[in-house]
Amino acid sequence: MNNVLGILHVDEKTQGLHPLTKHRCTASVPFASRYRMIDFMLSSMVNSNIQNIAVFTTLNNRSLLDHLGDGKDWDLDRKQDGLFTFSTNHFKESSNLKALQSAIDYLEKSSQEYVLICLSNLVTNIDFRPLYNQHVKSDADVTVMCTAKEHNDTLFTNIEMDDFQNIMDIDRKQSNMGSLDIYMISKSKLIDLISTHAFKYRYIQDVIRHNMNKNIKVKGFKYEGYVTKINTIKRYYDSSIDLLDPTKFKQLFKDNNEIYTKLKDEPPTTFHNTSSIKNSLIANGCIVEGHVENSILFRGVHVNKGAVIKNSIVMQKCMIGEYAQLDRMILDKEVNVLPNDRFLGTEKKPRVVPKKKTIGTFVI
Amino acid sequence: MNRKEMVAMLLAGGEGSRLGNLTKWIAKPAVPFGGKYRIIDFTLSNCSNSGIDTVGVLTQYQPLILHSYLGVGTPWDLNRKRGGLKILPPFVQKEGGRWYKGTANAIYENITFIEQYDPEYVLIISGDHIYKMDYTKMLDSHKKNNADVTISVTPVPWEETSRFGIMNTDENLKIQEFEEKPTNPKSNLASMGVYIFNWHTLKRYLLDNEKKTLSNDFGKDIIPAMLKDHCSLQAYPFEGYWKDVGTIDSLWQANLDLLDDVGLNLHECNWRIRSVEPNMPPQYIGSDAIVRNSMVGEGSTVMGEINHSILFYDVQVNSGSLVEDAIVMPHTKIGKNTTIRRCIIGEGMIIPDGVTIGNKEGPIQLIDQSTNPEQAYNSSAN
């Protein structure tokens, strides 16, 4: 797969994740105790031996660029190829075709013959090699990766595929197959599509959809493994809590396909005499003196004595005061929960506390 | 300019023979410690936290794992264009090859390395100790006292003085006498094996000592020779946690010290101990698990009971099992209904279901690949 260049264009319109996306783009929303959303796709690419990866970012990219650095935690700090970040504010309209057009020099200069384009923040652990093998052997111009879904599920764009992997329809009628917005395409064809259509379309997926029965032959590749897209707070919460199920956890964290992330030198988590923990995922660097149940703690969370956390997601460096109680809450980074207070969300609507907030009244 | 004010030389070639099978395949500085680290991480982190950016690491015994762990020093921010971490194993010269004969000889053989940086001071440290120390404060004291050498000392219990090199000082902390493992100690100030030398003085003594072909050791030769010549030897009292983890018992104890609030806190963010990160998924604590007064590393799965123990990363403890007062090293699986007490479980061990290991009292057991299961594991009655 070192003949493939990877493009991650992950600036989706995800209003649904507000306020988690107030200070950051969706790609850098913390997920699963120690990762950011982008880690899953980026690691999948790296594990598939893609060594030249371009990440397109737009607004709100400070946190993402800080996270990625020079790519060393993904082994992408290379002299030849490696990680490239494209961040210019003038694609405000988030037209991914314009963004690709602005990077056409980079595409032309790269030695790879094929391009893998990913347009969604998926939580998954995909090996792209079977997709590449099928694409190279087939006569298709574009191979789109799909997953099985419920007919009325709107998380992924409807796609219709026949028994010979030919794509019949995209986004027209309900189907039991959804597009993952992952495309394999030859570089020359991509450059050709960009230069021909950039004036007319805004999105590469629209170019493919509108031209697929004319001059673009599109095939599908069905991915059978675990994949989810996170576009609302409810989905964020449910997908997080899902990971407490060992089978789902193992599908995402396969033994030989590591998910890489920025490393932080946190010590192992310390549990005190007064702690009790049930069915929870806990990252490094936490200090647990209270009770944690069915919850997810990120790095460096301090749960003080007598505090009770249930069914909640607590992000980096939150401080939970003594005897405070949380149920069905999502705490963004560095939230300070004062002692002795209770905060409850509901099953339908988990409550989100924005970054760096202090919550609680001074109740004794 | 390549000039550095102070260069650190880290002695990491020791065998650590008293650690038994733990150091069969790895040098003592590479022995895992504290749920995530290796012993050498403490001195390397002390260097980088003290702003020392040039560290020569002298290796000799079983260096494979140590060398690959150190790499070019990236985890400790020592991958520098000028200076940085350099691994210095013994080498062959025109007149033949030589092993490092002792601590001082190892420095002698690397005079060329040190001279590249034309330093004023050389810091000699060892990769065998667990402590957090700001070497710049020690350097300040060295300069203030106008000493030829400053030796860091820490008080040890009087009954343990016979295990250490003991410094007898006057009221201004000038060292008057040095006694190696004394039976009738006059002081309880032990040398921590941390020295700051004026480089020109040290170089002279190294060259001189080499001609006399003694044991080539700092404690046995260099320091006594300097004392004899009435050099200025200054003690630097270190306050804080310091432990030589030379034996299975002290290694076990030092690990558990992390839980018992005796002055070694890894959560302090202004003096981070850095290491090669294993990058494992988060740890999972199961519904029936009990975890008390313990440290658990990433990627571990706990379904049983953990009490007053350190679990490294990627450790599995299955349901019905109890781990108490134990250190469990990485990539280890502990079966169901097994009881483990007062042990160190070596890396990559698979402990079967329903056995009992270790005793409530007595010496600490090391369980590793060479342990005979029939002797170490008692099948429990239930």
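Q: Which residue does Arg274(B) form a salt bridge with?
A: In this predicted model, Arg274(B) pairs with Asp265(A), and their closest N and O atoms are 3.0 Å apart. A salt bridge here is a side-chain nitrogen of Lys or Arg within 4 Å of a carboxyl oxygen of Asp or Glu.

Q: How many salt bridges cross the interface of chain A and chain B?
A: The rule finds 3.

Q: OK, how many residues does each chain put into the contact?
A: Chain A gives 34 residues and chain B gives 32, with contact meaning heavy atoms within 4.5 Å.

Q: And how much area do the two chains bury between them?
A: About 2,700 Å², with 49% of it on carbon and sulfur atoms. Buried area is the accessible area (1.4 Å probe) that two parts lose on being put together, summed over both.

Q: Which three residues supply 24% of what chain A buries against chain B?
A: Asp265(A), Pro268(A) and Phe271(A), more than any other three residues.

Q: Switching to strands: what does β16(A) pair with?
A: β16 of chain B (residues 283-285), antiparallel, over 3 bridges. Strands are DSSP runs of E, at least two residues, numbered from the N terminus, and two of them pair if DSSP finds at least two bridges between them.

Q: Which residue stands opposite Leu281(A) there?
A: Tyr284(B), in β16(B).

How values were computed. Residues numbered from 1 in each chain as written. Chains lettered and ligands numbered in written order. Predicted model: local features only at pLDDT ≥ 70, side-chain atom pairs only at ≥ 80, totals over all residues. Heavy atoms only, no water. Helix = DSSP H or I, 4+ residues; strand = E, 2+ residues; numbered from the N terminus.
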